[in-house]
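Here is a short report for a reader new to this structure. Please have a look at the sequence and the model, then read on.

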Amino acid sequence: MAAESFFQWLTDRITEIGDRARSDAALILWCDPDLMWKDLLEPSAEAAGFELWIDGEMQELEIREKILTSPPVPRIIWLPRLKDQITYL
């Protein structure tokens with residue numbers, strides 16, 4: 001069995017999450033307090049058919065409002081914080 005690339009592995013995991021959600025509005029909140037995943041997510045999200053929001057400057061209430069007013073599509077929201085630091089979102 002050939003070794004799988006990390007890109008393919010990550011893309012497959014994102015696709016699986018979307019498939020499990022069984023929705024055109026699958027949502028992944030990607031917590032990245034060490035700022036290590038942003039560049040890796042961009043090509044994988046695109047390959048998996050997910051929209052990727054990367055905006056480390058937006059406040060959680062702004063993100064929440066943007067989610068509620070945007071068309072429902074599969075998306076990943078990259079957050080530069082720990083899961084435990086999420087409040088209003």
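## Helix H1 and its two sides

The face of helix H1 turned away from its buried side carries the exposed residues Asp-19 and Arg-20. The model is a predicted one. Buried in H1 are Leu-10, Thr-11, Ile-14 and Gly-18. These four lie on the same side of H1, because they cover an arc of only 100° around the axis. The buried residues of H1 pack against E1, H2 and E3.

H1 runs over residues 6-21. At 1.5 Å a residue, its 16 residues should span 22 Å. Its end C-alpha atoms are 23 Å apart, which agrees. Just after H1, Arg-22 takes a positive phi of about 50°.

## The nonpolar cores

The largest nonpolar core has 11 residues in all. Among them are Leu-10, Ile-14, Trp-30, Phe-50 and Trp-78. H1, E1, H2 and E3 each give two or more residues to this core. H2 supplies the largest share, 3 residues. Another core, of 5 residues, lies apart from it and includes Trp-53, Met-58, Ile-63 and Leu-79. In soluble globular proteins, nonpolar side chains tend to be buried together.

Leu-10 belongs to the largest core. Which residues does Leu-10 contact, leaving aside its neighbours within four places in sequence? They are Trp-30, Trp-37, Leu-40, Leu-41 and Ser-44.

## Strands E2 and E3

Strand E2 covers residues 51-54 and pairs with E3 in the parallel sense, over 4 bridges. Ile-54 stands opposite Trp-78 in E3.

## Arg-81, after E3

Arg-81 lies in the segment after strand E3, which spans 75-79. Is Arg-81 buried or exposed? Its relative accessible area is 16%. The cut-off for buried is under 20%, so Arg-81 counts as buried.

Arg-81 touches Cys-31, Asp-32, Pro-33, Met-58, Glu-60 and Ile-86, not counting residues up to four places away in sequence. One of these, Met-58, is also part of the 5-residue core.

## Leu-35, in a loop

Leu-35 is found in the loop between strand E1 (27-31) and helix H2 (38-48). Leu-35 is not a glycine, yet has a positive phi of about 55°. Its relative accessibility is 54%. Exposed means over 50%, so Leu-35 counts as exposed.

Definitions and conventions: Residues are numbered from 1 along each chain as its sequence is written. This is a predicted model: local features need pLDDT of at least 70, side-chain atom pairs count only at pLDDT 80 or more; totals for chains, interfaces and linings use all residues. Side-chain values use heavy atoms; hydrogens and water are left out. Buried means under 20% relative accessible area, exposed over 50%, partly exposed in between (1.4 Å probe, protein chains only). Contact means heavy atoms within 4.5 Å. Two strands pair if DSSP finds at least two bridges between them. The expected span of a helix is 1.5 Å times one less than its number of residues. The arc is that of the directions from the helix axis to the C-beta atoms. A nonpolar core is a set of buried Ala, Val, Leu, Ile, Met, Phe, Trp, Tyr and Cys residues joined through side-chain atoms within 4.5 Å.
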